[in-house]
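Here are some notes for a colleague who has not seen this structure before. Please read them beside the sequence and the model.

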Amino acid sequence: LWKAKLVVQEKTEDLKLIEEEVEQAEILTTPLGDERPSDEKITEMVNAVDSIQAKLVAAMTSLESVQSSVQGSAKTQLNGLIERVKASQVRVDEMKETTREQRERVACESILREAQAKLNAVDEAFGKTSDAEAPYLKGIEFLPLEETIKAVADSEVAIVGVQEAIDEARAFLQEKVVEIRKFAEVVSKVGLKELDTLNKKRDGAVQKVALFTKETEERKRAMLQQQAVSKVTEAEAAARKMMTTAKDFTLKETESGEVEITPKAAQEMCDRFAAASKFAEERLDDARQYMVERQRATRAEKKDQATVQEMSGLVSRLNTVQSELGKAKSIASEHEQKFVAKMVMQEASDLMRTLESGIEKVTEEAAPLLVEGGRRFVVASMIKMIAEALSEHAVQHGLSHEDVFGQIDSGAAAEGKVAEFALLAFLERVPELCSRKDLAFSQEQRKAICAQLDNDGDGMVTKSEFLGLFLDSFVCIHSISMTDGYDIGTSKNIDKLDVDDVVETLAEPVTDEMKGMTR
């Protein structure tokens, strides 16, 4: 109940304002003598009446929504408000009727202006068709293919634009004819006549675009035929280039059929022929596929005999291209095989020379194994085993290599040499001295060792010859500087080793425990 009273109170205030607007609108719509109001004035009238109409509908809807829920004095007030709304509606209806002709005339003129704009859009779209067909109006009998393709594509786009503009104009005119027929006769008669004129203009545009579409279709068919000729011509040119490349092979042969060409030049020639062959095959395949599509389209369109014959002629030219490619491949195949054979022989010769060089190197490296049946190599291996065992013995007992030399014979250290018999006796003691049973060589083997250590063959082994057992050879794998001492911080550089340099040690390696470096 309280809600209904609130609505009555609010609408009382709203209706008062609406009634004031109705009075102002009545003044606005009342003609002054025979003076015809301007279009701007009529528009103002229409807007004022439409605004009041919307407010009255909203007020009536709100009041009727609470009509059943109020009682007593509130209901009486509500009914009074409803009657006031109805009274205002009557006044609005009278204003509408008074200004009907004026309002409908303005509405009709607005419709006609919009309709004319739709037809202007059609004319503007036709301007693009003129631009598209401009290349055909130059007086040139045959346009370049690329220019023809672009002109046809532009024409098709322009046709779509014109057709869309025409369809939009048609829909608008059909809709507005129905709307204008509802106007007062004096207004609708003029409006319908103008719309009829615009419809005829639209019909003219329909005929014009139909003609342009037909011309474009004919130009497109000519363009497609021109494109077919172009593709066949390209295939023929590629075939000629391939044949020329194939014939180049014959220029490199002597009268006896021998090939006079370097492997590099032969490879380049083969590569050129392969490239020319690939390009020609691609052009032929492209032309054939295009021709198949054109023949299918020609049959579907049921073209004249002249077009069919022209297509048959192009197919015949492609068959000739296929034949020419076969001939070029045949010419190149035989000579290419000769070139390949020559290249293979050259490669084989190069491989043989490399192999022979390798054999010579291996033979040189294996010479110690072959001289005297490999006796010196075997003895050298035994000497290496003895040297390693004596080095370990010296390290374990805190001896130098000179001290080990002194153990051979009591006078060895003083004289600086030992007799062969003394060295033989020492070698016999080495297995026990070094705890190495594998060093128990036979008497003959020990003699061979002594003989190989005696470089000058005088029956004596000098101290320097003996110490030569402990010399190791190293190959440098990274460039490094040589110093005059073990401590890098205090020593001076005296030389530099490069990769693959070979050096012999003069003393045992020394390890710096702090730096973890052995020198």
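1. A residue is buried under 20% relative accessible area, exposed over 50% and partly exposed in between, with a 1.4 Å probe and protein chains only. Cys 270 has 8% relative accessibility and therefore counts as buried. Cys 108, at 4%, is buried as well. The structure has zero disulfides, a disulfide being a pair of cysteine sulfur atoms within 2.5 Å.

2. The model is predicted: local features need pLDDT of at least 70, side-chain atom pairs count only at pLDDT 80 or more, and totals for chains, interfaces and linings use all residues. Residues are numbered from 1 along each chain as its sequence is written, and side-chain values use heavy atoms, without hydrogens and water.

3. Two lysines deserve a look. The charged end of Lys 208 is over the ring of Phe 126, 4.5 Å from its centre. Lys 231 lies over the face of Tyr 290, 5.5 Å from the ring centre. The criterion is NZ of Lys or CZ of Arg within 6 Å of the ring centre and within 35 degrees of the ring normal.

4. Where is Ser 435 placed? Ser 435 is in the loop between helix H13 (420-434) and helix H14 (443-453); helices (H or I, at least four residues) are DSSP runs, numbered from the N terminus. Most residues other than glycine have a negative phi. Ser 435 is not a glycine, yet its phi is positive, about 55 degrees. With a relative accessible area of 65%, Ser 435 is exposed.

Terms used
Helices (H or I, at least four residues) and strands (E, at least two) are DSSP runs, numbered from the N terminus.
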